[in-house]
Amino acid sequence: QAEQLVAAALDAQWDDELALCYGELQGVDDTSMLERAENWLITHGDRAALLVTLGRLARHAGRLDQARRYLDKALAHGAAPATAAAELAELLIDQGDRDGAIRAFREALRRP
């Protein structure tokens, strides 16, 4: 139910902080949440917060390569480095890249 409320609020008026929260929700269908968020790209473009959210959702949906692309793009578009790097580190752990995850966690700790 929270997912539907947050999505409706974002559809009515975009807010980057709320978009980040959307990516942290546990939905009943991660793929549907990802598809909904991808539709927001059409109207809101490559906003850093949206790209982080897409990375989170793609990771939760098991689309690890897609999640990596979104998180890399989020960092390139000025996402809060600590947030995006921490998400990237979690993804790298999922992919079995321990050394890469350590580097990403270190980067997350260095940046605000």
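I began with W40, which I find buried at a relative accessible area of 5%, where buried means under 20% relative accessible area, exposed over 50% and partly exposed in between, with a 1.4 Å probe and protein chains only. The model is a predicted one, in which local features need pLDDT of at least 70 and side-chain atom pairs count only at pLDDT 80 or more, while totals for chains, interfaces and linings use all residues. Residues are numbered from 1 along each chain as its sequence is written, and side-chain values use heavy atoms, with hydrogens and water left out.

Entry on the aromatic rings. I looked up the aromatic pairs and noted two in the structure; rings of Phe, Tyr and Trp (its six-membered ring) pair if their centres lie within 6.5 Å, and planes under 30 degrees apart count as stacked, over 60 as edge-to-face and the rest as tilted. W14 and W40 have ring centres 5.5 Å apart and planes at 70°, so I recorded this pair as edge-to-face. This pair joins distant parts of the chain, since W14 sits in the loop between α1 and α2 (16–24) and W40 in helix α3, 26 residues apart; helices (H or I, at least four residues) and strands (E, at least two) are DSSP runs, numbered from the N terminus. W14 is itself buried, at 15% relative accessibility. For Y22 and W40 I noted ring centres 5.0 Å apart and planes at 70°, so that pair is edge-to-face. Here too distant parts of the chain are linked, with Y22 in helix α2 and W40 in helix α3, 18 residues apart.

Entry on helix α4. I then turned to T53, which has its place in helix α4 (residues 48–60) and counts as buried at 1% relative accessibility. Not counting residues up to four places away in sequence, T53 touches A19, L20, Y22 and G23, contact meaning heavy atoms within 4.5 Å. R56 also lies in helix α4 and is buried at 6% relative accessibility. Leaving aside neighbours within four places in sequence, I listed L20, G23, E24, T83 and E87 as the contacts of R56.

Entry on T43. Is T43 buried or exposed? I found T43 in helix α3 (residues 30–44), and T43 is exposed, with a relative accessible area of 60%. The C-alpha atoms of T43 and D29 are separated by 23 Å, the two residues being 14 apart along the chain.

Entry on the largest pocket. I noted about 180 Å³ of space in the largest pocket; on a 1 Å grid over the protein atoms alone, a cavity is a set of points where a 1.4 Å probe fits but cannot get out, a pocket is an open set with protein on both sides within 12 Å along at least five of seven lines, and lining residues have an atom within 4 Å of a point. Grid points are joined across faces, edges and corners, and the volume is the space filled by probe spheres set on the points. Of the 13 residues lining this pocket, E3, Q4, G27, V28 and M33 are the closest to its centre. The elements giving two or more residues to the lining are α1 (2–12) and α3.
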